[in-house]
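Please look over the model shown below before reading the briefing that follows, which is arranged by topic.

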Amino acid sequence: LKENCPTYAGILMFGNNPRYYVPGAYVQYVRFTGEDEASDFEYEYRFDGDLTTQLGQMDEFIKANVVKTVLPALGSGYIANYPARALKELLFNAVIHKDYQSNAPVKFYEFSDRIEISNAGGLYGKARPENFPDENDYRNPALAEAAKNLGYANGFNVGVKAALAALNKNDNPEPEFIKDQPTSFSVKIFKRL
């Protein structure tokens, strides 16, 4: 109100077209056929619009599109290659903790052997590579509070720990966090063995 203009949080949460003011305010999903970005891609999608819309779309997309594998012993049973809870926790964290001064989107890339999620902005405030995920801080506290109120985050600093527990329960390998970069943060989530 002091500056007589909306904040980033206001634009991201309530704007009709947030990307007009904040160009990197979207999530880019790409499904590649191989193990790297040089391989062909099968599908791409842009989660766009206000943050409430984006979070809802991502939630539904993960539920509907988490790759599943038929269990040969059961014939018709399915098991998730990636637990939806882990993907949602890690993707929503990337959106909430993104540095919105960057024009780069949150990247949600699916490869034949893993999913990578990355966002602009490294660990923030009290969070450091040596104390992650036990310590956290909020680059965007208004977005974190909004996501909590909408039911997409818990606000108790347990999201990453919950994702790790879901991956472990699903027999996925340990994820790889790239947490020592000052301008980005990413995680590699490996397919269930």
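In which loop does S102 lie? S102 is found in the loop between α4 and β5 (106-110), where helices (H or I, at least four residues) and strands (E, at least two) are DSSP runs numbered from the N terminus. This is a predicted model, in which local features need pLDDT of at least 70 and side-chain atom pairs count only at pLDDT 80 or more, whereas totals for chains, interfaces and linings use all residues. Residues are numbered from 1 along each chain as its sequence is written, and side-chain values use heavy atoms, with hydrogens and water left out.

**Surroundings of S102**

- S102 is partly exposed, with a relative accessible area of 22%, on a scale where buried means under 20% relative accessible area, exposed over 50% and partly exposed in between (1.4 Å probe, protein chains only).
- Leaving aside neighbours within four places in sequence, S102 is in contact with G24 and A120, contact being defined as heavy atoms within 4.5 Å.
- The side chain of S102 reaches the backbone nitrogen of A104 at 3.1 Å; a polar contact is a pair of N or O atoms within 3.5 Å, and within protein one must be able to donate a hydrogen and the other to accept it, while residues adjacent in sequence count only if both atoms are side-chain atoms.
- Between the C-alpha atoms of S102 and Q54, which are 48 residues apart along the chain, the separation is 18 Å.

**Backbone geometry**

- The peptide bond from F132 to P133 is cis, with omega near 5°, and P133 is placed in the loop between β6 (114-120) and α5 (141-149).
- N4, in the segment before α1 (8-14), has a positive phi of about 60° although it is not a glycine, and N4 is exposed, with a relative accessible area of 72%.
- D171, a residue other than glycine, has a positive phi near 65°; D171 lies in the loop between α6 (159-169) and β7 (176-178) and counts as partly exposed at 46% relative accessibility.
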